[in-house]
Amino acid sequence: MTSQTPSIQFFEGLPEELSNVSLRRNRNSGVRSVLMSFDSLKAIEKFQSYTKRFANALLLIDEEGQISVEPSSVKFIFGGPEGDDLRRVDCEFEIERQDHWDRFMRFMHRYAEVNGMAYGDTKQAQGAE
């Protein structure tokens, strides 16, 4: 296996920078969902969406290979005085199988380590207040 820097891509060959990630689990169904937030997208800033091939999925790439995730929703949040400044992009998807969840978590740990992100449990954070 070769060493691959973890990356997240909406467009093949154009890594994006993740701003935040929220992991949830439906108490009734047990289905896990992931909400990834991006403060900006290189594809939009550089109009790369017209020159790069859209992957039709969110690509999570690391040393184990590539995970292709089809988002259940992608929301563009705008603000600013004219309302046309991109503030954030939220990308949500569900993971039903345990082996897929385990693989996703291995990716996230690698991505977090390389990008200086820290994992925090909201239950612990709420109890600390």
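This is a predicted model: local features need pLDDT of at least 70, side-chain atom pairs count only at pLDDT 80 or more; totals for chains, interfaces and linings use all residues.

I began with glutamate 63, which is partly exposed, with a relative accessible area of 33%.

What does glutamate 63 pair with? I found a salt bridge to arginine 110, with the closest N and O atoms 3.4 Å apart. Arginine 110 sits in helix H2 and glutamate 63 in the loop between E5 and strand E6 (65-69), so this pair ties together parts that are 47 residues apart in sequence.

I then checked the neighbour, glutamate 64. Its side chain meets that of arginine 110 in a salt bridge too, at 2.7 Å, N to O. Here the two residues are 46 apart, with glutamate 64 in the loop between E5 and E6 and arginine 110 in helix H2. For cover, I noted 31% relative accessible area for glutamate 64, which makes this residue partly exposed. Arginine 110 is partly exposed as well, at 21%.

**The pair at arginine 103**

Next I moved to arginine 103, in helix H2 (residues 98-114). Is arginine 103 buried or exposed? It counts as buried because its relative accessibility is 13%, and the cut-off for buried is under 20%.

A charged side chain in such a place made me look for a partner. Side chains of opposite charge can pair when their charged atoms come close. The partner is aspartate 62, joined to arginine 103 by a salt bridge of 2.6 Å, N to O. This links distant parts of the chain, 41 residues apart: aspartate 62 belongs to strand E5 (residues 54-62), arginine 103 to helix H2. Aspartate 62 is also buried.

I listed the contacts of arginine 103 beyond four places in sequence: Asp62, Glu64, Gly65, Gln66, Ile67 and Arg110.

Putting the pairs together, I get a network of salt bridges that links Asp62, Glu63, Glu64, Arg103, Arg106 and Arg110. Over the whole structure, I count 8 salt bridges.

**Leucine 23**

I turned to leucine 23, in strand E3 (residues 20-25). It is partly exposed because its relative accessible area is 32%. Which residues does it touch, leaving out those up to four places away in sequence? The answer is Ser33, Val34, Trp101, Phe104, Met105 and Tyr119. I also looked up its distance to glutamate 92, which is 69 residues away along the chain: the C-alpha atoms are separated by 9.9 Å.

**A nonpolar patch**

On the surface, I found a nonpolar patch formed by Ile44, Val74, Phe76 and Phe78, with about 350 Å² of accessible area together. Strand E7 (residues 73-79) gives the largest share, 3 residues. Isoleucine 44 is placed in helix H1 (residues 42-45), and at 36% relative accessibility this residue counts as partly exposed.

I finished with the overall picture. There are 3 helices and 8 strands, and from the N terminus on they run β-β-β-β-α-β-β-β-β-α-α. Of the 129 residues, 33% are buried. Among contacts between residues at least 6 apart in sequence, 60% join residues at least 24 apart. The chain exposes about 8700 Å², with 45% of it supplied by carbon and sulfur atoms.

On confidence, the chain averages a pLDDT of 84, and 82% of the residues score at least 70.

Notes:
Residues are numbered from 1 along each chain as its sequence is written. Side-chain values use heavy atoms; hydrogens and water are left out. Patches are made of residues with over 30% relative accessible area and no salt bridge: like charges are joined within 9 Å, nonpolar side chains (Val, Leu, Ile, Met, Phe, Trp, Tyr) within 5 Å. Accessible areas come from the Shrake-Rupley method with a 1.4 Å probe; for residues, only the protein chains shown count as cover. A salt bridge is a side-chain nitrogen of Lys or Arg within 4 Å of a carboxyl oxygen of Asp or Glu. Helices (H or I, at least four residues) and strands (E, at least two) are DSSP runs, numbered from the N terminus. Buried means under 20% relative accessible area, exposed over 50%, partly exposed in between (1.4 Å probe, protein chains only). Contact means heavy atoms within 4.5 Å. pLDDT is the predictor's confidence in each residue, from 0 to 100.
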